[in-house]
Amino acid sequence: MKKSKIVYKPVGLALGALSGMIAGAAFKQAWKLIEGEGDAPDALDEDRPWRQILLAAAVQGAIFAVVKATVERSGAQATRHVTGTWPA
């Protein structure tokens, strides 16, 4: 196994947890802007219309994907800076 992969493993785990927290906070703020409500609906919320549930799911998925890619790419670049090789 490459040195960069070994170095990146614990970094990747920590960054994964961090990206989840960042994405969750970003989604809450985005949902307040979109619907003006504090809580986004979940799939089992029978009082919310389909449109609102699917919109919340799409926005949440997009935010999580962008934050995850940003954090993982930054972690890989930092690993390359430390080890000299890309952690792939």
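Student: Where does Thr 79 sit in this one?
Tutor: In this model, which is a predicted one, Thr 79 has its place in helix H2, the helix that covers residues 50–83.

Student: And is Thr 79 buried or exposed?
Tutor: Thr 79 has a relative accessible area of 3%, and because buried means under 20%, this residue counts as buried.

Student: What does the side chain of Thr 79 reach?
Tutor: The side chain of Thr 79 comes to 2.9 Å from the backbone oxygen of Gly 75.

Student: OK, and which residues does Thr 79 touch, leaving out those up to four places away in sequence?
Tutor: With those left out, Thr 79 is in contact with Ser 4, Val 7 and Tyr 8, and also with Gly 84, Thr 85 and Pro 87.

Student: New topic, how many aromatic pairs are there?
Tutor: The count is one aromatic pair, and it is formed by the rings of Phe 27 and Trp 31, whose centres are 6.2 Å apart.

Student: Why is that pair called tilted?
Tutor: The planes of the two rings stand at 40°, and planes under 30 degrees apart would count as stacked while those over 60 would be edge-to-face, so the pair falls into the remaining class, tilted.

Student: Where are Phe 27 and Trp 31, then?
Tutor: Both residues lie in helix H1, residues 3–35, and they are four residues apart, which is about one turn of the helix. Phe 27 is buried at a relative accessible area of 9%, and Trp 31 is buried too, at 0%.

Student: Back to H2, what about Ala 78?
Tutor: Ala 78 lies in helix H2 and is partly exposed, with a relative accessible area of 42%.

Technical notes: Residues are numbered from 1 along each chain as its sequence is written. This is a predicted model: local features need pLDDT of at least 70, side-chain atom pairs count only at pLDDT 80 or more; totals for chains, interfaces and linings use all residues. Side-chain values use heavy atoms; hydrogens and water are left out. Helices (H or I, at least four residues) and strands (E, at least two) are DSSP runs, numbered from the N terminus. Buried means under 20% relative accessible area, exposed over 50%, partly exposed in between (1.4 Å probe, protein chains only). A polar contact is a pair of N or O atoms within 3.5 Å; within protein, one must be able to donate a hydrogen and the other to accept it, and residues adjacent in sequence count only if both atoms are side-chain atoms. Contact means heavy atoms within 4.5 Å. Rings of Phe, Tyr and Trp (its six-membered ring) pair if their centres lie within 6.5 Å; planes under 30 degrees apart count as stacked, over 60 as edge-to-face and the rest as tilted.
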